[in-house]
Amino acid sequence: MKKVTTASLLAMKQNGEKITVITAYDASFAKLFDEQGIDVTLIGDSLGMVLQGQDDTLPVSVDDIAYHTRSVRKGTQRAFVVADMPFMSYATREQTFQSAGKLMAAGASMVKLEGGSWLADTFRDLNDRGVPVCGHLGLTPQSVHVFGGFKVQGRSELQAEKILEEALILEKAGMQLLVLECIPTALGQKISQALSIPVIGIGAGPHTDGQVLVMHDMLGISANYMPKFSKNYLAQCGDIRSAVSQYIEEVRDGRFPDAEHSFN
């Protein structure tokens, strides 16, 4: 099978084909996901919560992400590999380059940063140096203390317009992929239609160009709680390979997420 690239992800959006994304943290699961046909694996700073047992993602370091990126890359042949830039790892220009360089050297094909239009220059700088960038808007977990908890974003008209505006600014700055988290379905659809790049939703409704789930949520084994936007495919299917295959199938044919796993 051909490797997934930024070009093939863009072609999937243009052709109306849904993109499937899942978090991965080690070679064994990465290999299993790859064999089932997942399009993108994300080494998320979610590892702080699901692997380390932290209350949020803030304690995760660049070295943590780099370690797990090397492991995931070892198990991956086809899928596109994206690595999170953790909290305060891109606070300065020099720090951004060092962090991104470490993650790309570990095996990432793209890095993901959380935040709005204030990151536009950062996106341009990374693109100029050969680093593809994924954005993350809506509920950005690294800003959980600013939001006052893990809350749905973009419910007011003002909030919604700001998120859309920031998405357009970041696309112009070189963003090639966007994750939208915990926003109303209508806003997820509006942003996906407004952008020419692929938009991946997690709690953003069924109309985005693809979906991402944390693997521990999809398998129903998260230590803390099950978010509304997640679905326990292991309970439904009985074994891990079937669960992953069912998740991919339901995303591709539009059955997931449904209204139960979305926000009004």
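**Notebook: the chain and strand β7**

I started with burial: 58% of the 264 residues in the chain are buried. I note that this is a predicted model.

Next I looked up the secondary structure. I found 12 helices and 8 strands in the chain. Then I checked the radius of gyration. It is 17 Å, close to the 18 Å from the globule rule for 264 residues, so the chain is as compact as a globular protein of that length. I also looked at the C-alpha trace, which spans about 45 × 40 × 40 Å along its principal axes.

I turned to contacts between residues at least 6 apart in sequence. Of these, 61% join residues at least 24 apart. For the surface, I noted an accessible area of about 11,200 Å². Carbon and sulfur atoms account for 51% of that area.

Then I picked strand β7, residues 199–202. Which way do its residues point? I see Val199 and Gly201 pointing one way, and Ile200 and Ile202 the other way. All four are buried. I recalled that side chains in a regular strand alternate between the two faces of the sheet.

Which strands does β7 pair with? On one count, I find 4 bridges joining β7 to β6, residues 177–181, and the two run parallel. Leu178 has Val199 of β7 as its bridge partner. I followed the chain from β6 through helix α9, residues 185–194, to β7. This β-α-β crossover is right-handed.

I also find 2 bridges joining β7 to β8, residues 210–213, and these strands run parallel. Here Ile200 stands opposite Gly210 in β8.

Definitions and conventions: Residues are numbered from 1 along each chain as its sequence is written. This is a predicted model: local features need pLDDT of at least 70, side-chain atom pairs count only at pLDDT 80 or more; totals for chains, interfaces and linings use all residues. Side-chain values use heavy atoms; hydrogens and water are left out. Buried means under 20% relative accessible area, exposed over 50%, partly exposed in between (1.4 Å probe, protein chains only). Two strands pair if DSSP finds at least two bridges between them. A crossover is right-handed if, with the strands pointing away from the viewer, the path from the first strand over the helix to the second runs clockwise. The radius of gyration is taken over C-alpha atoms; the globule rule is 2.2 Å times the number of residues to the power 0.38. Contact means heavy atoms within 4.5 Å. Accessible areas come from the Shrake-Rupley method with a 1.4 Å probe; for residues, only the protein chains shown count as cover.
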